[in-house]
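Subject: Structure handover

Hello,

Here is the structure I promised to pass on. Please open it first, then read the notes below.

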Amino acid sequence: MIKLINYAVNYVDSKFVKATSTDGYTKTMAYSILKNHNQADVTEKNAPLRIKFDALASHDITYVGIIQTAKASGLKKFPVPYVLTNCHNSLCAVGGTINEDDHLFGLSAAKKYGGIYVPAHQAVIHTFMRENFAGCGKMILGSDSHTRYGALGTMAIGEGGPELVKQLLSKTYDVKYPDVIAVKLTGNVRKGVGPQDVALALIGEVFKSGFVKNKVLEFVGDGIKNLSVEFRNGIDVMTTESTCLTSIWETDCKVKEYLAKRGRECEYKELKAGEGAYYDGAVEIDLSKVEPMIAMPFHPSNVYKLADVIANPYEILHKVELEGRELLKNENFTLTDKIVDGKIMVNQGIIAGCAGGTYDNIYEASQILNNKSIGSNTFTMSVYPSSTPVYMQLVKDGSFQRLIETGTIIKTAFCGPCFGAGDVPSNNGFSIRHTTRNFENREGSKPNEKQLASVALMDARSIAATAANGGVLTSALGIDYDNEVPEFTYDKNIYSNRVYNGFGKAQENEEIIYGPNICDWPEMINLTDNLLMKMVAVIDDPVTTTDELIPSGETSSYRSNPLRLAEFALSRKEPNYVPRAKAVKESELNRRNGSLDAEYIDALNTANINLKGSVSIGSVIYANKPGDGSAREQAASCQRVLGGVGNIAKEYATKRYRSNLINWGMLPFIAKENIFEVNDIVIIENVKEKLVNNDLVFPVTIVRGNEVIKDELKIDALTDNERQIIKDGCLINYYKVN
């Protein structure tokens, strides 16, 4: 089904041959696009790139903070199209007026600075960008990790908000020329197999080894022509879960037709890897051998063949149950209780968002469910189309009628089920979803209130098959249904009548509308000569997601109030983090007022250290591999607001999380191993001097009561700008003086 080639290759006559040099790296699609957007003098392997994007996109969890930061840094108008969608906190059901207040802020900001504003329930962010902005050879930056439009010929990258701030201020996205991995598709999928199945199979093969981490996936091969554009989009958006940097696909007449239907045929051009193109590795996928897959809790990489799970329910569910108990540190987590008479009973089915809510997925699901019933027991089914044009077509072709007749509930374009703000299952519930993620508690349960639920990822087709079987876990492979998807009719008037398009028409005198929850960022001080860091959380999990660093769901409603949002930092993973961090911040305030707390005086005396120059106190956390998942900058900014000065990790799960730390003035340290305990005081002398000198090794002294431990931390190479941002204390401070 999938083969990994873990050595450099050239793509010759549609086959991979082992490369003997890097000749041919300029023949990739990625090279030509990067070169056209690079502001640096050279575009070559291992060289630093300085990228400017063609368009930007944010949703209503992130755009307030981004615009506030850019405004504080001198923003006058948006230099490129900036799309503000409202697909995450659309319900306006939590926290009183705060969600709709943010929407009014977004509309007024779009008017003042010349942006594009998409009202709530009109479209999820990535579908709107595919429909209106993705084009062949373009680059788009979004403040959402699933910013992926490679199937439409666009290299799109999801990053934290500060990277969008840089673009809004006409600065560049700085990154080393990435490795490029070819993904060759051959054959054709069988009936009942969908894009999520292909994506999960890929993620299951590459995630744990880091095979494609921070690299570009370049899709090639004659199997592409056998897939509809929406099928390709469904695979492409899930490449985020492989931890790749971005993606790009060969384009063809189907892409041209997709763009033409949306009035953008001029955005089409053929993209194709050149003969002899050089790749740093490759993946081969035989589509004809892909079968329905399932990603069990609690990660998209925890992948099994659906048929194996159905055939061996106790063996697999018991294994996942034990893994879940270890991860959750909770013996009450159960999955084997879902087995009834040898069959796995599911509580809920969801098809939604940028991955699941496409026209093709929902249409085929409706055909599988045609003239069926989801039953009147505990199983429920909800479908969220990804945009109003998709919604309209599904109404016209009868798909929604077929689904409604089964007992399925039709909802609007909303990302809520994907991050815990919609259709939260019951306690101990087991949900199957065609969405992007199934991290622990991401579905909305609250472990601190003794709630547990879990999600498995599946394709819409097998979810529909399960629904048709009354909630008994079922594969769509082999089911007889009409899978011939009719031609999609795109109605552009839906957006023309409702979306505000102010690009190029900035209204300087427009007043931005602020609600009472929208607050400015608090002051963040510059890096001092020396650091006293107190360890306030030690996380031993193999991977720590951004959802654990700052929970999603209703918590995100407070994203426009930095201090209030920070109260939730690590709340589901380490409930004592916030009070510990606050205590450290109080010690720093005491220091600024001329009084160094006794525990820090004692630590310096115990270590026999006499610091010379300025000193500050800050909190720090340790995690083995933090930052997998969302691009939300709040995973870092909440730590900073609470007085955090750094993270220590064996490695960082994604570039975007490390970039978020840097942009918020936090040091991204690397440790060989975890030698830390909560309440350790970690002393780093001459930290600013070493940072300025571009030293990569930082000797540290760890004081644990009367014990003194000498060790060292490292920092992977930083750019000149990154070092200056950390030195200045954060990106906002950097732009005030640079």
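**The sheet**

Ile5 has Ala282, in strand E15, as its bridge partner. Keep in mind that this is a predicted model. The two strands involved are E1 and E15 (residues 281–286), which pair in the antiparallel sense over 4 bridges.

They belong to an open sheet of 5 strands. Its order is E1-E15-E11-E12-E13, and the pairing is mixed. Strand E1 (2–5) and strand E13 (246–249) stand at the edges. Each has a single partner strand, so one side of each is left without a neighbour in the sheet. From one strand to the next, the twist averages 20 degrees.

**Helices on the sheet**

Helix H1 (residues 29–37) lies across strand E11 (180–186), strand E12 (216–220) and E13. H1 runs at about 130 degrees to E12. Helix H6 (residues 195–206) also packs on the sheet. H6 touches E1, E12 and E15, and its direction makes about 40 degrees with that of E1.

**The largest pocket**

The largest pocket has a volume of about 810 Å³. It is lined by 30 residues. Which of them lie nearest its centre? They are Val175, Lys176, Asn214, Lys655 and Arg658.

Strand E4 (48–51), strand E10 (173–176) and helix H23 (655–663) each supply at least two residues of this lining. H23 gives the largest share, with 4 residues. By class, the lining of the largest pocket divides into 12 nonpolar, 6 polar and 12 charged residues.

**The cavities**

How many cavities of 30 Å³ or more does the structure hold? There are 11. The largest cavity has a volume of about 200 Å³. Its lining has 21 residues, and the closest to the centre are His88, Asp144, His146, Cys418 and Arg442.

The largest share, 3 residues, comes from H11. The classes in the lining of the largest cavity are 8 nonpolar, 9 polar and 4 charged.

**Where to look first**

Start at Ile5 and its partner Ala282. Then go to H23 for the largest pocket, and to H11 for the largest cavity.

Best wishes

How values were computed
Residues numbered from 1 in each chain as written. Predicted model: local features only at pLDDT ≥ 70, side-chain atom pairs only at ≥ 80, totals over all residues. Heavy atoms only, no water. 1 Å grid on protein atoms, 1.4 Å probe; cavity = no way out; pocket = protein on both sides within 12 Å on 5 of 7 lines; lining within 4 Å. Points joined across faces, edges and corners; volume = space filled by probe spheres on them. Nonpolar A, V, L, I, M, F, W, Y, C, P; charged D, E, K, R; others polar. Pairing = 2+ DSSP bridges. Axes fitted to C-alpha atoms, helices over the stretch in contact; angles between N-to-C directions. Contact = heavy atoms within 4.5 Å.
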